[in-house]
Amino acid sequence: MTDPRPKVTPSMPNPIGLISMQVARPFTAEHFGWFERIRAMGYDFIELLVPEPGVGLSSLVVAAVSAAGALGSFGHAYTAPDAMRAEAAAARARTELPFNLNLFTAPVPSEPPAEAQRAAVAALRPLLEEHGLPVPERVPPPYAPDLAPQLEAICDLKPAVCTIHLGELSPAALSRIRGLGIRLGSAATSVREARHLEGLGADFIIAQGGEAGGHRGTFLGPWEHAMTGTLALVRQIVRAVRVPVVAAGGIMDGAGIAAALRLGATAAQMGTAFVGCPESSADQGYRAALASDAANHTSMVRAISGRPARCLANRFTALSASIEPTSIPEYPIAYDAGKALHAAAKAKGEFGYGAQWAGQGAPLARTLPAAELVVQLRSELQQAHAQRR
Ligand SMILES: Cc1cc2nc3c(=O)[nH]c(=O)nc-3n(C[C@H](O)[C@H](O)[C@H](O)COP(=O)(O)O)c2cc1C
């Protein structure tokens, strides 16, 4: 399969992106519902997983939450195809229940010109030096895994569900995946995007409201014009498309899931709710921030990864206010540097440069094990339904 994304050329200088370091496996994440079978199996919500690095634990957690009644997901945005295959095999050894494989389809830029790289790195030089990081001359691509082999792995593995974030797939790629019986869901942050994805053939739309934690999925137009809240966005998208809609953003408990279902959503997708689970790969700084006043002050930040994402208030979000927007490299170049900076700072006990993604529901986050949280959510959902009667 050829790369189905549009080719892009770098339009921005590349400050932080000069460091290309795979410091840690990024957050694994995601979840949601897949309709006919999911609803028939009684799944009203999907969860997002942030497991520890390493094949094995994530499959264990996915299997456990699926058994508890959610659709477990593997966030494979940065996972190599071999690891995707190993994770799926490990999950299938543990459960026959369906799971979701999630990919990012954001365009990956080619290497910015050397001059732009030099100019850009100047913006971060003091921080890099403070934390003992080398200030490199250039960082050659690749900046992210190649999407085409990841899609080949999806086609080989044939998960029940595949979800796409941060962009779109070509009609050919989409129809190949769907032709294999895989349900394809895609995130939309506006009615325009939802209609576009439905037109391409998506099986369902994930309506990502402005409250949502993590990366903003916007791919048509400026993200600042696509910040509609979950309540309004879900209702609008439900009325605009014929395919099922999954609500995402700020949903933290059974009452929230019930509200989303009442708006016409088929299921709910939850991310932040699972960050505090012991299985999540959130480090102690992330967990402490989630439990602190920072949870009341999430903000959209582009400097951490090169794409807008909602994050807990920390040193990086504060710093981003002083970074010239045009000097932020494109996603995912900036992300490499952000992770390198975080790792170096963390080694010195400074946790404030982490990509501490969280939505506006963060103050409601719990610390239960993932499967227990799913059981709890189901019980709260039943209560919410019962109270309505
Ligand atoms: C820590 C974290 C990691 C996330 N990673 C992914 C991801 O890998 N893939 C994806 O499609 N969405 C990801 N998301 C976004 C979720 O899919 C979803 O839109 C969001 O979590 C919903 O809002 P909530 O965080 O308020 O529940 C992530 C969100 C968070 C908080």
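Let's start at Lys 158, which counts as partly exposed because it has 13 C-beta neighbours inside 10 Å. In this predicted model, Lys 158 sits in the loop between helix H6 (147-157) and strand S4 (161-165). Its backbone is worth a look: phi is positive, about 45 degrees, although Lys 158 is not a glycine.

Leu 166 also has a positive phi, near 70 degrees, and is likewise a residue other than glycine. You'll find Leu 166 in the loop between S4 and helix H7 (171-179). Is Leu 166 buried or exposed? Leu 166 counts as buried, since 22 C-beta neighbours lie inside 10 Å.

## The chain as a whole

Stepping back, the chain holds 14 helices and eleven strands. It has 389 residues, and buried ones make up 55% of them. Now take the contacts between residues at least 6 apart in sequence: 75% of these join residues at least 24 apart.

Strand S6 covers residues 204-208, and five of its five residues are buried, so the rest of the structure largely encloses it. Phe 204, Ile 206 and Gln 208 point one way from S6, while Ile 205 and Ala 207 point the other way; all of them are buried.

S6 pairs in the parallel sense with strand S5 (residues 183-188), over four bridges. Here Ala 188 stands opposite Ala 207 of S6. To get from S5 to S6, the chain passes through helix H8 (residues 191-200), and this β-α-β crossover is right-handed. S6 also pairs with strand S8 (residues 245-248), again in the parallel sense and over four bridges. In that pairing, Ala 207 stands opposite Ala 247 of S8.

The loop between H8 and S6 contains Ala 202. This residue is buried, because 26 other C-beta atoms lie within 10 Å, and the cut-off for buried is 20 or more.

Which residues does Ala 202 touch, not counting those up to four places away in sequence? They are Leu 184, Gly 185, Ser 186, Leu 197 and Val 243. Val 243 is 41 residues from Ala 202 along the chain, yet their C-alpha atoms are separated by 8.0 Å.

## The nonpolar core

The largest nonpolar core has 108 residues, and the ones with the most contacts inside it are Ile 205, Ala 207, Val 245, Val 246 and Ala 247. Helix H13 (residues 333-347) gives this core its largest share, eight residues.

Pro 332 lies in the loop between helix H12 (315-320) and H13. The peptide bond leading from Tyr 331 to Pro 332 is cis, with omega near 0 degrees.

Strands of a sheet pair through backbone hydrogen bonds, either parallel or antiparallel.

How many bridges join S10 to strand S11 (residues 309-311)? Three bridges do, with the two strands running antiparallel. One of the residues to look at is Ser 299, whose bridge partner in S11 is Cys 311.

## Helix H14

Helix H14 (residues 370-388) has 19 residues and reaches 27 Å from its first C-alpha to its last, close to the 27 Å expected at 1.5 Å a residue. Its buried residues are Ala 370, Ala 371, Leu 373, Val 374, Leu 377 and Leu 381. Around the axis these cover an arc of only 155 degrees, so they are on the same side of H14.

What does the face of H14 turned away from its buried side carry? That face has the exposed residues Ser 379, Ala 386 and Gln 387.

Technical notes: Residues are numbered from 1 along each chain as its sequence is written. This is a predicted model: local features need pLDDT of at least 70, side-chain atom pairs count only at pLDDT 80 or more; totals for chains, interfaces and linings use all residues. A residue is buried if 20 or more other C-beta atoms lie within 10 Å of its own, exposed if 12 or fewer, and partly exposed in between; C-beta atoms are placed from the backbone. Two residues are in contact if their C-beta atoms, placed from the backbone, lie within 7 Å. Two strands pair if DSSP finds at least two bridges between them. A crossover is right-handed if, with the strands pointing away from the viewer, the path from the first strand over the helix to the second runs clockwise. The expected span of a helix is 1.5 Å times one less than its number of residues. The arc is that of the directions from the helix axis to the C-beta atoms. A nonpolar core is a set of buried Ala, Val, Leu, Ile, Met, Phe, Trp, Tyr and Cys residues joined through C-beta atoms within 7 Å.
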